[in-house]
Amino acid sequence: MEPASRRFAQVSDSSVHAPARGIAHRIANEVSPLGQHTLDRIGNTPLLRLPRVVAKHPGVELLGKAEWFNPGGSVKDRAAANIIAAARRSGQLQPGKILLDSTSGNTGIAYAMIGAAQGIPVTLCMPENVSVERKRILQAYGANIIYTDPADGSDGAIRMARELAAKHPELYFYADQYSNDANWRAHYHGTANEIWQQTEGRITHFVSMLGTSGTFVGNTRRLKELNPHIRCISLQPDAPFHGIEGAKHMPSAIVPKIYDASLADANLEISTEASYAMVKRLAREEGLLVGISAAAAVVGCLQIAQQLKKNERAVLVTILCDSGDKYLSERFWQEE
Ligand SMILES: Cc1ncc(COP(=O)(O)O)c(C=O)c1O
């Protein structure tokens, strides 16, 4: 880590102070209307600049969608909200039915939050080893949790949800985020258009971690329509057993039905160790406390920046899926 004196000196540069100067102006002009519902705040997240981590690549702008600004704290609010809205419209999710799905945490939090706000009971299957913070948030929203064997990973939770749905079809609406087109469509109709507008069409690369793949598939389909030259790069963990919560190692996992590998111009593998190191680096160099998959996405962006020609200009956009506060009990924080 850099000495404190150097870090302190860097804080005086103009890129840091320029946004601060605008705060009074913004507050005067961007006051939210009275009476919004918390669910109205899903989407339209800020696209943040990460100047310090790409300082060695002067032609590269690195931008990240700050998805923890969603009310449930992650990108998965978008998919969950669209899955629930589509199921209510189609009549699959009628009053009295329980919403059932498997989740590694964030989709569950989103279902639990929306379910509480709309009076929909929620049952979630998830591996027992998800972080304690996630379990407590789900309990706080009143969701029913069925824990599965951590050794079976997210696939064990998928199998459990499938079994329950098959056994009790009268009881459950099985949302099945891995097969549900409303998942990727949330990004096709939402996230991708926000990115296009926020970059004023300047985006050259879209980079995203794969979990259910909804984020990558939906954004890529729409961005390629808007400009077929945008390079879309998917990222996944480099091993079946990994610490990048929310992400899937496709070669060894149950492949989500909504995943279309042919959409990616390239696919990069990211190590858990590099992601942990980047969590700390982003906190200490950018003042951004992000989750592990968000840091993994930034590792991927830096690999892409390194592959560019010298001084080649690029606008890299990635998705920072959630913030770091749900991962503060992870051991890597103790390993300096
Ligand atoms: C923290 C985190 N990162 C990444 C992802 C992957 O997003 P997607 O399921 O859209 O591929 C998820 C999904 O749950 C997640 O929770």
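I began with a helix pair: the crossing of H4 and H8 is right-handed (left-handed if the near helix is turned anticlockwise from the far one by less than a right angle, right-handed if clockwise). Helices here are DSSP runs of H or I, at least four residues, numbered from the N terminus.

This is a predicted model: local features need pLDDT of at least 70, side-chain atom pairs count only at pLDDT 80 or more, and totals for chains, interfaces and linings use all residues. Residues are numbered from 1 along each chain as its sequence is written.

I looked up the geometry. The axes of H4 (residues 76-90) and H8 (residues 181-198) come within 8 Å and cross at roughly 115°. Axes are lines fitted to C-alpha atoms over the stretch in contact, with angles from 0 to 180 degrees between N-to-C directions. That makes H4 roughly perpendicular to H8 (65 to 115 degrees; under 35 is roughly parallel, over 145 roughly antiparallel, the rest oblique).

I listed contacts (C-beta atoms, placed from the backbone, within 7 Å). Ala 79, Ile 83 and Ala 86 are among the H4 residues that meet H8, where the partners include Ala 182, Ala 186 and Gly 190.

Next, domains, with bounds from an automatic or database assignment. I found domain 1 (16-69 + 191-334) and domain 2 (76-174). Their C-alpha centres lie 25 Å apart.

Last, I checked Ala 297. Leaving out residues up to four places away in sequence, Ala 297 touches Val 207, Ser 208, Met 209, Leu 235, Thr 318, Ile 319 and Leu 320.

Notes: Two residues are in contact if their C-beta atoms, placed from the backbone, lie within 7 Å. Helices (H or I, at least four residues) and strands (E, at least two) are DSSP runs, numbered from the N terminus.
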